[in-house]
Amino acid sequence: SHARITLDRDFTIADVPARLFGSFVEHMGRCVYTGIYEPGHPEADDQGYRKDVMALAKELGATVVRYPGGNFVSGYNWEDGVGPRQDRPVRIDGAWHTIETNAFGLHEFVEWARRADMEVMEAINLGTRGVDEARALVEYANHPSGTYWSDLRRKNAAAMGTSEEPFGIKLWCLGNELDGPWQIGHKTAEEYGRLAQETAKAMKLVDPAIELVAVGSSNRRMPTFGSWEHTVLTHAYEEVDYISMHAYYQEHDGDAASFLAEAVDMDGFIEGVIATVDAVKAAGKHSKQIDISFDEWNVWYQEGLDTEDQPDQVAKGWNTHPRLIEDKYSVTDAVVVGTLMHSLLRHGDRVRIANQAQLVNVIAPIRSEEGGPAWRQTIFWPFARIAELATGEIMRLAVQADQVHTERYGDVDVVDAASTYDAEAGTVSLFVANRGLEEPAEVSLDLRGLAAKSILRAEVLRIPEGGDRHAANDLQTPEAVGLVPLDGIRLEESTEGAGVHLSLPAL
Ligand code: AHR
């Protein structure tokens, strides 16, 4: 198949938002316990953080990490996770049918993020709690000293041997998926809109520098999608800064063609939310702009998998860190993750924050075993490379491509692409996926207004010898799938600027 991609120096979308390469750590399954935190593990540091996992998280290039949930946060008391560990209560986590020891809490996470050099994005509980607990938490985290909550933070930090200075958390989520009937404290849009507005107001009275994310729809198929965003923002437009989006994708019944086209769905979902947000802006005569925080996205096999780690199976008992949704990702899943990141980049003027869910073990690019090693899943690679190489400005691409037919999305371009141009470094990055299952994609890239002189690096996902698109990494073969140099790429002269030809293998 063939495709022609044109980019022009002057046609840009936005600067690359640093927060687009976010991740998510929830108290769920083994993301925290035996994921980022495992005292007693041979790789544990002085605070019990796994150094092997932290090294992989840094290599992944995650910039901002959402915490502590997820569904978990809607029943969580943040106070349970601070203070002397021996005094912290053991609680039931209803969301994941788990016993929460509270051995890990806010201080432990803030210190982990500091060591990992990542920004904290803190979610508050608006399921079972409200305005008062939220404003207390902002005071605890961000107020310098001399008040009840800030002095308690200083005391607890001193006891832990970490900095007493304010955590300085800028980014806050006003709850999680409260449109969903499964959520503890599920609300109507009216109820949530008013609560979000009043909570936001009270939090900003404590620290006016914070940025707030209102809860949007849990997915595009929610019956309230659209009206939820409209009602919530009609109440809280002036008090919040972002609205959230969540989306998970999977291959259904072996329909790989549709699965490889899920970025079409993500594009449409984002554009639908932008339209709704801007309609509220116009009707309310607001001048400020609300942007999007796509704070949960990934491939997640929610249907059709009958493995031991599904939430309903684990619900048979109460455990402290059960295996939950430890999806093992294939090469196909990695290609889809790449295309989802292309979609986020293509909308980088309005999607200013995005978090892949989650970081370790739970639908994650990084896996770790209790007492054992840590490794990279296939989906680690597109994330790590895009986070590393998408710098400068996002380019507006013109793509003319052969079409592939899909059951779900009709005819779609055989290639999916995004690109950035970094004027300071003098480099262009092109990210491109071949959706074709049968043949290579021959791609010509026209670089207008750019005098490209050389190809610095070209890589492609490797399918291991004897394997196919289902190949994956696991405990036994942690490096089966990785990146290898892309053969078949060359610089070409053209009349209007430089050109590149590349041949992308089929899956
Ligand atoms: O990331 C797993 C779960 O997916 C989160 O807890 C929830 O917010 C979403 O439904």
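Strand β8 (residues 171-173) and strand β9 (residues 211-214) run parallel, joined by 3 bridges. Here, two strands count as paired if DSSP finds at least two bridges between them; helices (H or I, at least four residues) and strands (E, at least two) are DSSP runs, numbered from the N terminus. Within this pair, Cys-173 has Val-213 of β9 as its bridge partner. The model is a predicted one, where local features need pLDDT of at least 70 and side-chain atom pairs count only at pLDDT 80 or more, while totals for chains, interfaces and linings use all residues. Residues are numbered from 1 along each chain as its sequence is written.

Both strands belong to an open sheet of 8 strands with parallel pairing, in the order β3-β4-β7-β8-β9-β10-β11-β12. At its edges sit β3 (23-24) and β12 (351-356), each pairing on one side only. Helix α10 (residues 331-346) packs on this sheet and touches β10 (242-249), β11 (291-299) and β12. Contact here puts the C-beta atoms of two residues, placed from the backbone, within 7 Å. The direction of α10 makes about 175° with that of β11 (axes are lines fitted to C-alpha atoms, for helices over the stretch in contact, and angles run from 0 to 180 degrees between N-to-C directions).

What surrounds the ligand? The residues are Glu-26, Met-28, Gly-69, Gly-70, Asn-71, Asn-176, Glu-177, Glu-296, Ala-357 and Gln-358, with a residue taken as near if its C-beta atom, placed from the backbone, lies within 6 Å. Sorted by class, this shell has 2 nonpolar, 5 polar and 3 charged residues (Ala, Val, Leu, Ile, Met, Phe, Trp, Tyr, Cys and Pro count as nonpolar, Asp, Glu, Lys and Arg as charged, and the others, Gly among them, as polar).

The chain splits into domain 1 (17-389) and domain 2 (398-504), with bounds that come from an automatic or database domain assignment. Taken over C-alpha atoms, the domain centres are 30 Å apart. Domain 1 puts 29 residues into the contact and domain 2 puts in 28. On the side of domain 1 that touches domain 2, the largest share, 9 residues, comes from α10. That side has 15 nonpolar, 8 polar and 6 charged residues.
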